[in-house]
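This report concerns the overall make-up of one protein and the local setting of selected residues. The sequence and the structure are shown first.

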Amino acid sequence: GLVGSEAPEVEQDTTYDIKARPHRLALVLRDTPIELTDITGALRIRPGRIDLEQLAASHDSGRFEGSGAVGFDTTSDIDLRLSATSDELGPATRAVLPDAVLRTIDGLTLQGGYTIDDAHLRYTPDAADGPVLTFTGPVRMHDASAVAGVNITQFEGTLALHVEQQRGETMPRIDIDLNAEFLRAAGRAIENATMRIGNAATPRRLDIDSLYGQLYGGVITGRGEVALGETNRYRMSLAAEDARFTQVADPQDPAPDGQQATGVLFARLDIEGITGDPDSKRGRGAMEVHNARMYELPFALALLQIANLTLPTSSAFDRASTQFLVDGDHVVLESIRFEAPSVQIVGAGTMAYATQQVDLTMYSRGTGGDLGAVGDLANVFKDELLNIHITGTLSEPKTQVQSFRGVTDAWQRIFGPTPKKP
């Protein structure tokens, strides 16, 4: 039959003991209507409380099983053992989770399917000492996504969750041990990732510590924080070491069979912003690549094909580095450098992160011998004579050789741009 969630008003000395085996149950939790179907197990209803006896039921996006006691009002004790599985963190799931857990979920923009195995929820509002609220249990996430400075997708792993709130505290203590067999961060595959997440230092801030994972033969490490509030502001510091560069640069295009990925990547990124607001991103980073075949990448290949008109073989370029600033979707490439044993191609420019549209100016410079100030002057003069302008995208760049750039710029400042022919 259909059973409401509110108990009838009865006098305090009324005694009753009802055991029911419902097939369908409708209730309202936190103003959220929930309908349970395919119910097994039993309910035992007594004054002031309901006992769940291995009660299992389906809801709109999954199924749960619970045993324990639930009081009729907010001043009554709750002691439940819970197991559940669902395709999403939907309304039914959110209605039964503690507020602190919901703040954590919202702070990380966590979404995806989950499985909870024998979690323990205990609420004792009148406890003289000890915690008023505890929630402990493993939560396994399936194909989940989140935002923690970078976009995380395809998350497969377990969150060992412990929430504990003492009397008088407005925010409980949250401790999460994360173990992920696999996830993608900004599209890059990370395996065997671990991290600690908690708010012991500041109740309304989640600290992300001891981040570690395997990244294409190397490692990624980091730490950060996410505010638990209306803005959900985040700050992250990430570093990668010894990762295979060609796979990091293009994770969707693995090396063909029999061909080894080349290059070793060292990178760092400090980024902050507001979750859900890409324009708020601000940050700084740097990257170095060693022992790479630069001519295998579309962007570098286009550059080296032009440089090869006047330089030694382009296949000699095996090192690169860049320093950059992040301002929303706008990336300022403060310096870019491709290096071979006797020559460098250096430059700077900008890139739109979402479209990977670039606008770069590059120059070639010799590295053989140190001529001091004379060499510096020669490089400046050479830069004025010839440079390479790069537009298009990283995957489909367009290059153009420009001569006498300084003279041309000065002419246009005085007389204006040359009119186009009709």
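The model is predicted: local features require pLDDT of at least 70, side-chain atom pairs count only at pLDDT 80 or more, and totals for chains, interfaces and linings use all residues. Residues are numbered from 1 along each chain as its sequence is written, and side-chain values use heavy atoms, with hydrogens and water left out.

The protein has six helices and 22 strands (DSSP runs numbered from the N terminus; helices are H or I with at least four residues, strands E with at least two). Of its 422 residues, 41% count as buried (under 20% relative accessible area; exposed is over 50%, partly exposed in between, with a 1.4 Å probe and protein chains only).

Ile 197, in strand E11 (residues 188-198), is buried. Its contacts (heavy atoms within 4.5 Å), not counting residues up to four places away in sequence, include Leu 108, Ile 176 and Leu 206. The C-alpha atoms of Ile 197 and Ile 176 are separated by 5.0 Å, although the two residues lie 21 residues apart along the chain.

Two residues other than glycine have a positive phi, Gln 54 and Ala 186. Gln 54 belongs to strand E4 (residues 49-59), whereas Ala 186 is in the loop between strand E10 (173-185) and E11.

| Residue | Relative accessible area |
|---|---|
| Ile 197 | Ile 197: 6%, buried |
| Gln 54 | Gln 54: 57%, exposed |
| Ala 186 | Ala 186: 31%, partly exposed |
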